[in-house]
Every structure is written in C-alpha cells, then in structure tokens.
Amino acid sequence: MYKIAVMGDYDSIYGFAALGLDTFPVTSQEAGERLHQLAAEGYGIIYITEVLAAQLKHEIARYEGQIIPAVIEIPGVSGNTGSGVRGVKKSVEQAVGSDILFSN
Amino acid sequence: MASTQITPTRMELTKTKKKLVTARRGHKLLKDKRDELMRQFLDLARENMALRQKVEAGILAANKNFVIARAGMDEATLHTALMAPKQQVSLEVGKKNVMSVNIPVFDTKTRTADANDIYSYGFAFTSSDLDGAVKSLADILPDMLRLAEVEKACQLMAAEIEKTRRRVNALEHVIIPQAQETIKYITMKLDENERSSQIRLMKVKDMMLEEAHHYSERA
C-alpha cells in the first residue's frame with residue numbers, strides 16, 4: 001500500500017490536502033532530504049512543484065530508473081516554468097535521438 | 001585488426017561461424033524489440049504531453065480559484081478548514097511488462113466510499129469560492145494520477161530504448177563485422193596452407209619420379 005505526497009511551497013500545495021494527498025511544505029534547504037525520506041517511507045507518487053524540482057535535479061535523477069516513486073513536476077502558484085513539458089521532450093530525445101514529436 | 005591474435009584453425013573457424021549466427025539472430029531480435037518499444041513509446045509520449053498540458057492548465061486554474069478563495073477569507077479560517085482532511089487516497093502499485101520493461105500501473109483507493117467526499121470543513125465559516133477551488137482541484141486529480149503513470153512509463157521506456165539501441169549498434173557495427181573479418185582471415189589462411197601442401201606434394205612426386213626414371217638424362 002503506497003501513499004501520494006505533494007512537495008513544494010505552502011501556497012502552491014495546501015489545496016491538495018483536501019483531496020487526501022499528504023502535503024509537505026518545505027523550504028529548499030530541507031527539500032532534498034525530505035524527498036529521500038518520502039521515497040523511503042513508501043510514497044508511490046511524489047508531486048513536486050517545478051520551482052522546487054529545478055533545485056533538486058540531482059536528487060530526482062536518482063529515482064528516474066526506478067518504478068516507484070514516480071516524481072512528477074506540477075506547476076506552482078507562481079506560474080508555469082515549462083520544465084515539466086521539457087521533461088517529456090527530454091525523454092523523447094533520449095529515446096529517438098531528436099525530438100520528432102514536439103519540436104514545432 | 002583483431003584477427004592477428006586469432007589462431008587460424010578449423011576449430012576456431014567453426015566457433016566464429018557459430019558466433020556470427022548468434023550475433024545475427026540477436027541483432028534481428030533486438031532490432032525488433034527496439035522498433036516495437038519505439039512504436040509504443042511514441043504513443044505514450046503523445047499521451048504524456050496531452051495529459052501534462054491538461055493537468056498544468058487545470059492546476060493553474062485551481063490555483064487561481066484558491067487565490068480568490070483566500071482573498072475572501074482570513075488566513076486562520078482557511079488553514080483551519082483544510083487542516084484535518086476527511087479524505088485519504090492510497091495507492092496500489094502494479095507492474096506491467098511491456099517488451100521486458102516493467103512499467104507501473106497505479107490504482108487508487110479513497111478512504112471514504114464516496115470519492116467526492118472532499119470538503120473537510122463546515123460550510124458556515126468558509127466562502128463558496130473555497131468549495132469551487134477544492135472541486136476544481138479534485139476534478140484534475142484522476143488526470144494527475146494517469147500523468148504520473150504515463151510519465152514514469154515514458155522515462156523507463158526511454159532509458160530502455162537507448163540501451164537497446166546501443167546494443168543493436170554494437171552488434172551491427174562491431175561484433176558482426178569483426179566475426180566476418182575473422183572468418184575471412186581464417187579461410188584465407190587455411191586455403192593458403194592447403195595450396196602450399198599441395199605444391200609440396202607435387203614437388204615431392206616430381207622428385208620421386210625423377211629418381212626412378214631419370215627423365216632429365218633421357219632428354
């Protein structure tokens with residue numbers, strides 16, 4: 001049995017608490033540690049705000065090859081940085097060699 | 001050239017020929033695997049992008065609603081309202097094997113029987129904007145879960161495709177040409193030995209005939 005976590009600044013994520021997801025408001029200093037802690041504690045999906053994810057690239061990369069947890073970027077309250085879409089493009093590029101699907 | 005270390009024997013030739021057959025077969029299989037993975041990956045990547053755009057738009061809209069809800073209420077009331085959630089979502093993780101890549105299958109369960117039981121507060125002290133905001137976020141949740149599943153599958157498959165592609169290339173451009181080169185080298189060496197022993201035999205025969213019949217003296 002796994003759980004779902006949401007990480008980010010408080011303003012971006014407090015709404016998810018109402019849906020029954022576990023929210024973890026974090027500052028960027030403790031975020032990396034918290035991410036590893038959540039991954040070890042049996043969270044299957046960790047949603048993380050794009051702003052925070054940008055600071056944790058290295059930590060998130062560790063979970064890319066594992067089935068769980070799935071670390072998924074979501075836009076925060078400050079707006080969309082486009083890094084989530086870039087992630088999709090990156091995996092297409094990795095697989096195909098060049099981005100043939102979304103290059104235009 | 002690698003063939004300098006090869007001992008040109010029949011045994012080595014048979015071995016190398018077998019290796020070549022295996023390499024060809026492996027190459028074909030891996031190529032098929034790569035093509036099929038690629039086909040499925042492209043479908044998945046398209047779905048991933050569509051879902052991501054939908055989810056991002058949904059979350060942005062929900063965030064706007066929350067800002068409006070917040071403007072109409074004081075901070076403390078809002079915090080209290082969302083402090084003790086009624087609903088709890090738990091996750092079952094299954095695995096699906098797609099061309100030897102394990103991709104996750106997420107299945108969610110809500111704690112209360114009614115999945116729409118999301119309002120963790122009484123309606124007396126909160127604005128209706130908050131209800132709308134929570135609802136808009138709840139509506140996007142199924143898509144968010146599907147996004148998590150698809151995006152993870154995309155990442156895993158992309159890594160596997162890259163690995164398979166490297167293997168196919170290694171077989172195609174290194175292993176198979178090397179084996180062919182070795183076979184050619186051994187065959188040539190063996191033929192050469194064959195010819196030289198043939199000549200040697202002819203020479204010996206000539207010498208023996210000469211000794212018996214003394215052709216050169218008669219001429």
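1. Salt bridges across the interface. In this predicted model, the rule finds 1 salt bridge across the interface of chain A and chain B. A salt bridge joins Asp11(A) to Arg70(B), with the closest N and O atoms 2.7 Å apart. As a reminder, side chains of opposite charge can pair when their charged atoms come close.

2. The interface as a whole. How many residues does each chain bring to the contact? Chain A gives 49 residues and chain B gives 50 residues. About 4300 Å² is buried between chain A and chain B, and carbon and sulfur atoms account for 69% of that area. On the chain A side, the residues that lose the most area to chain B are Tyr14(A), Leu19(A) and Ile67(A), which together make up 16% of what that side buries.

3. Over all chains, the structure holds 3 aromatic pairs. One of them is the stacked pair of Tyr10(A) and Tyr14(A), at 5.4 Å centre to centre and with 15° between the planes. The pair counts as stacked because its planes are under 30 degrees apart. Tyr14(A) also pairs with Phe66(B), here edge-to-face, at 5.3 Å centre to centre and 75° between the planes. This second pair crosses between chains: Tyr14(A) sits in the loop between α1 (10-13) and α2 (16-19) of chain A, while Phe66(B) belongs to helix α1 (residues 10-71) of chain B. Taken together, the ring pairs link Tyr10(A), Tyr14(A) and Phe66(B) into a cluster.

4. Phe66(B) is buried, as is Tyr14(A).

5. Helix α6 of chain A. The buried residues of α6(A) are Ser83(A), Gly84(A), Val85(A), Val88(A), Ser91(A), Val92(A) and Ala95(A). An α-helix has 3.6 residues a turn, so residues three or four places apart point the same way. What covers the buried residues of α6(A) comes from both chains, and includes α4 (50-55) and β4 of chain A together with α1 and α3 of chain B. After α6(A) comes Gly97(A), with a positive phi near 110°.

6. A salt bridge to α6 of chain A. The structure holds 16 salt bridges over all chains. In one of them, the side chains of Glu64(A) and Lys90(A) meet at 3.9 Å, N to O. Glu64(A) lies in the loop between α5 (57-61) and β4 (70-74) of chain A, and Lys90(A) in helix α6 (residues 83-96) of chain A, so this pair links distant parts of the chain, 26 residues apart. With 33% relative accessibility, Glu64(A) counts as partly exposed.

7. Salt bridges in chain B. Glu160(B) and Lys33(B) meet through their side chains in a salt bridge of 2.9 Å, N to O. Since Glu160(B) is in helix α3 (residues 128-213) of chain B and Lys33(B) in helix α1 of chain B, the pair ties together parts that are 127 residues apart in sequence. Both Glu160(B) and Lys33(B) are buried. For contrast, take Lys135(B) and Asp139(B), whose closest N and O atoms are 2.7 Å apart in their salt bridge. Both lie in helix α3 of chain B, 4 residues apart, which is about one turn of the helix. Lys135(B) is partly exposed at 38% relative accessibility, and Asp139(B) is partly exposed at 47%. Shared partners also join Lys33(B), Glu160(B) and Lys163(B) into one network of salt bridges.

8. A buried threonine. Thr49(A), in strand β3 (residues 43-49) of chain A, is buried, with a relative accessible area of 1%. Leaving aside residues up to four places away in sequence, Thr49(A) touches Met7(A), Gly8(A), Asp9(A), Ser12(A), Ile13(A), Ile74(A) and Gly76(A).

9. The hairpin of chain B. Strands β1 (residues 89-98) and β2 (residues 101-110) of chain B run antiparallel and are joined by 10 bridges. Val89(B) has Thr110(B) as its bridge partner in β2(B). The hairpin has 2 residues between the strands, and Met99(B) takes a positive phi near 50° there.

Terms used. Residues numbered from 1 in each chain as written. Chains lettered and ligands numbered in written order. Predicted model: local features only at pLDDT ≥ 70, side-chain atom pairs only at ≥ 80, totals over all residues. Heavy atoms only, no water. Pairing = 2+ DSSP bridges. Phe/Tyr/Trp six-rings, centres within 6.5 Å; stacked < 30°, edge-to-face > 60°. Buried < 20%, exposed > 50% of the residue type's maximum accessible area, 1.4 Å probe, protein only. Contact = heavy atoms within 4.5 Å. Salt bridge = Lys/Arg side-chain N within 4 Å of Asp/Glu carboxyl O. Buried area = accessible area lost by both parts, 1.4 Å probe.
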